[in-house]
Amino acid sequence: MSYASKTATVSVSRKAKVRSLKKVFTKGFDRDCRGIRFHYKGGLIDFDKTPIELNMVDGDVIDVLESNPPAKRKMIDVMEVFEDRVAEKPIIYIFPPKGCEEMDVSVSVSLVPQWKFSAIYPLVPVQPRQLVKSMPGECVTWDVRTHRDKTMTEKSTGLTVSYLYWEAQGRLPSPPDSPRLGSGRQQSDSEEFGPIFDPISSDLSDNDNISVVLPLPRVTLYLDAALKELGLHTEARTSFITYWLPSFNKHTHIALRFISQNAYARAAPLNILPKPDVVVRVFMIFKGVPESDVECGLWSNAAARGMAGVERWRDVVGLMGRMS
């Protein structure tokens, strides 16, 4: 069993249920077993399964994770904010072209069947998804009129807002993550990808060639520079950073990475009419890293990447244009 960079070797009957290892975990790691999750070969283990049913053999490793996810996610979808199993505070900004006094815009967000909308503002009806009939799910559509001051009025409710808001609950499939750096193209199904992204079990790694590790004093400056490189305006960058700042402050070091826009679009397609010139979808995964792990070199590669510039995140996210 492996937990927080520590391992313990245990013996268990191949006919025993995995839940029997909870007691072993409590004693071996001196931790409360409430809220833990067991992962085996990248998948979540059902505690009522046996090693026989899981095809386990001698020497296999069970990874133990906290139920509070090891990596949190924030996403700005022109711009939206996202967290692990719950889409928490996703927000959508719409900016009309310069010189345009007002503009009528339709904004639709669709979800894969694994997700359900839990909150919407302004409140509009939830409809069955019609954009992709092979993947039926929920969809919401706002019809808005944008204004010169960058606010918008939702027509059915008459509410004037700074952004559109929605939340969803559930779990996602596993869309692919970032393209390999330097490709200069947005990813497609025929290309090679970096680490697979799964909102339920994805983590960060020193050897994934993407993640960076930063000491806490550098996190906010690094993020502001990276988000600016990705095209986020001042208010969006401020909102993004301050929303997660209390979580950052619980740790001495932060590991983070951004995923590609295409990976997120597979789970929550965004359709805007008239079609925008530029769409920016930023989805960040992060977690705290113990100082002891950094000092002993477990994150040496990611720490070195953290000392480099932020320009590479445009390739990782797959931006083809820049917001003005």
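A search of the whole structure turns up nine salt bridges, where a salt bridge is a side-chain nitrogen of Lys or Arg within 4 Å of a carboxyl oxygen of Asp or Glu. Keep in mind that this is a predicted model: local features need pLDDT of at least 70, side-chain atom pairs count only at pLDDT 80 or more, and totals for chains, interfaces and linings use all residues. Residues are numbered from 1 along each chain as its sequence is written, and side-chain values use heavy atoms, with hydrogens and water left out.

**Strands**

- Strand β9 (residues 103-110) pairs with strand β12 (residues 138-146) in the antiparallel sense over eight bridges; strands are DSSP runs of E, at least two residues, numbered from the N terminus, and two of them pair if DSSP finds at least two bridges between them.
- Look for Ser108, whose bridge partner in β12 is Thr141.
- β12 also pairs with strand β13 (residues 152-154), again antiparallel, over three bridges.
- In that hairpin, five residues sit between the strands, and Lys150 there takes a positive phi near 70°.

**Salt bridges**

- Arg145 and Asp104 meet through their side chains at 2.7 Å, N to O.
- This pair links distant parts of the chain, with Arg145 in strand β12 and Asp104 in strand β9, 41 residues apart.
- Salt bridges with shared partners join Glu102, Asp104, Arg145 and Lys155 into one network.
- Asp48 and Arg19 form another salt bridge, at 2.9 Å from N to O.
- Asp48 lies in the loop between β4 and β5 and Arg19 in the loop between β2 and α1, so the pair ties together parts that are 29 residues apart in sequence.

Methods. Helix = DSSP H or I, 4+ residues; strand = E, 2+ residues; numbered from the N terminus.
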